[in-house]
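I opened the notebook to record what I looked up in this model, going through the strands, the sheet, a pocket and a few single residues in turn.

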Amino acid sequence: MEGKENSTSATNQNKQRFKRICVFCGSRPGYKSAFSEAALQLGNLLVERKIDLVYGGGSVGLMGLISQTVFNGGCHVLGVIPRALLPHEISGETIGEVKTVADMHQRKSEMAKNADAFIALPGGYGTMEELLEMITWSQLGIHEKPVGLLNVDGYYNSLLTLFDKGVEEGFIEDSARNIMISATTAEELIKKMEEYAPVHDRVAPRQTWEVDQLL
């Protein structure tokens with residue numbers, strides 16, 4: 001009986017691991033309906049688990065879909081947006097709480113500081129850059145937060161192949177390849193992220209970074 005209670009307690013603890021997840025995604029919806037459906041599914045899963053959302057602000061593309069879904073579901077939404085992107089014709093109206101920052105660098109720092117984990121949906125250059133920076137920060141030892149990739153309809157297959165090529169050619173350590181967690185469904189991805197524990201060697205201890213400025 002005691003073992004069963006411990007198991008239940010561990011499960012509940014896993015479910016509560018994330019209070020806020022930062023989602024990087026496209027400011028366009030993409031051409032396939034699967035991309036929009038994935039954003040809605042992830043948003044509904046966050047609501048179901050009572051996980052708040054941190055995102056890049058605005059109401060366009062996949063960003064608008066997931067933020068509106070989480071907001072409508074009663075969870076807190078924090079949109080972090082650079083001042084230059086505030087005009088309505090660029091980003092639309094930010095959903096939930098709005099935090100205006102000076103530039104893109106400060107945007108990433110604020111998003112990272114306010115999240116327990118990161119997930120990338122399909123997106124363009126900006127989404128990929130944000131994903132890669134969070135992977136890099138983990139490798140450097142700046143944070144130990146899970147970084148997940150929702151590989152909808154094989155969108156990121158080529159990127160995953162490139163990472164594997166990096167390992168093969170000696171530019172990425174085997175252990176560091178495990179920093180990024182990928183899955184094809186939101187439910188599978190969240191489960192993997194809940195179980196994530198860093199196994200790679202950090203470049204430098206977290207204490208040596210000016211973490212307050214970065215995160």
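I began with the crossover and found that strand 1, helix 2 (residues 33-48) and strand 2 make a right-handed β-α-β unit; right-handed here means that, with the strands pointing away from the viewer, the path from the first strand over the helix to the second runs clockwise. Helices (H or I, at least four residues) and strands (E, at least two) are DSSP runs, numbered from the N terminus. I noted that this is a predicted model, in which local features need pLDDT of at least 70 and side-chain atom pairs count only at pLDDT 80 or more, while totals for chains, interfaces and linings use all residues. Residues are numbered from 1 along each chain as its sequence is written, and side-chain values use heavy atoms, with hydrogens and water left out.

**Strands and sheet.** Strand 1 runs parallel to strand 2 (residues 52-55), joined by 3 bridges, and Arg20 has Asp52 as its bridge partner in strand 2. Strand 1 also pairs in the parallel sense with strand 5 (residues 117-120), over 4 bridges, where the bridge partner of Phe24 is Ala120; two strands pair if DSSP finds at least two bridges between them.

Which order do the strands of the open sheet take? I read 4-3-2-1-5-6-7 for the 7 strands, with parallel pairing. Strand 4 (97-101) and strand 7 (180-183) stand at the edges and have a single partner strand each, so one side of each is left without a neighbour in the sheet. From one strand to the next the twist averages 25°, with axes as lines fitted to C-alpha atoms, for helices over the stretch in contact, and angles running from 0 to 180 degrees between N-to-C directions. For strand 7 I listed 4 bridges to strand 6 (residues 147-150), again parallel, with Ala183 as the partner of Leu150.

**Helix 5 and Glu110.** Helix 5 (residues 104-113) lies across strands 1, 2, 3 (77-82), 4 and 5, and runs at about 165° to strand 3. Is Glu110, which I looked up next, buried or exposed? Glu110 is buried, at a relative accessible area of 10%, and lies in helix 5. Leaving aside neighbours within four places in sequence, Glu110 is in contact with Val80, Lys99 and Val101, contact meaning heavy atoms within 4.5 Å.

The largest pocket has a volume of about 610 Å³. Of the 31 residues that line the largest pocket, Cys25, Gly26, Ser27, Arg28 and Gly124 are the closest to its centre. Helix 6 gives the most to this lining, with 4 residues. On a 1 Å grid over the protein atoms alone, a pocket is an open set of points where a 1.4 Å probe fits, with protein on both sides within 12 Å along at least five of seven lines, and lining residues have an atom within 4 Å of a point.

**Positive phi.** Lys50, in the loop between helix 2 and strand 2, has phi near 55°, a positive value in a residue other than glycine, and is exposed with a relative accessible area of 68%. Asp153, in the loop between strand 6 and helix 7 (157-168), likewise has a positive phi of about 55° although it is not a glycine.

Conventions: Points joined across faces, edges and corners; volume = space filled by probe spheres on them. Buried < 20%, exposed > 50% of the residue type's maximum accessible area, 1.4 Å probe, protein only.
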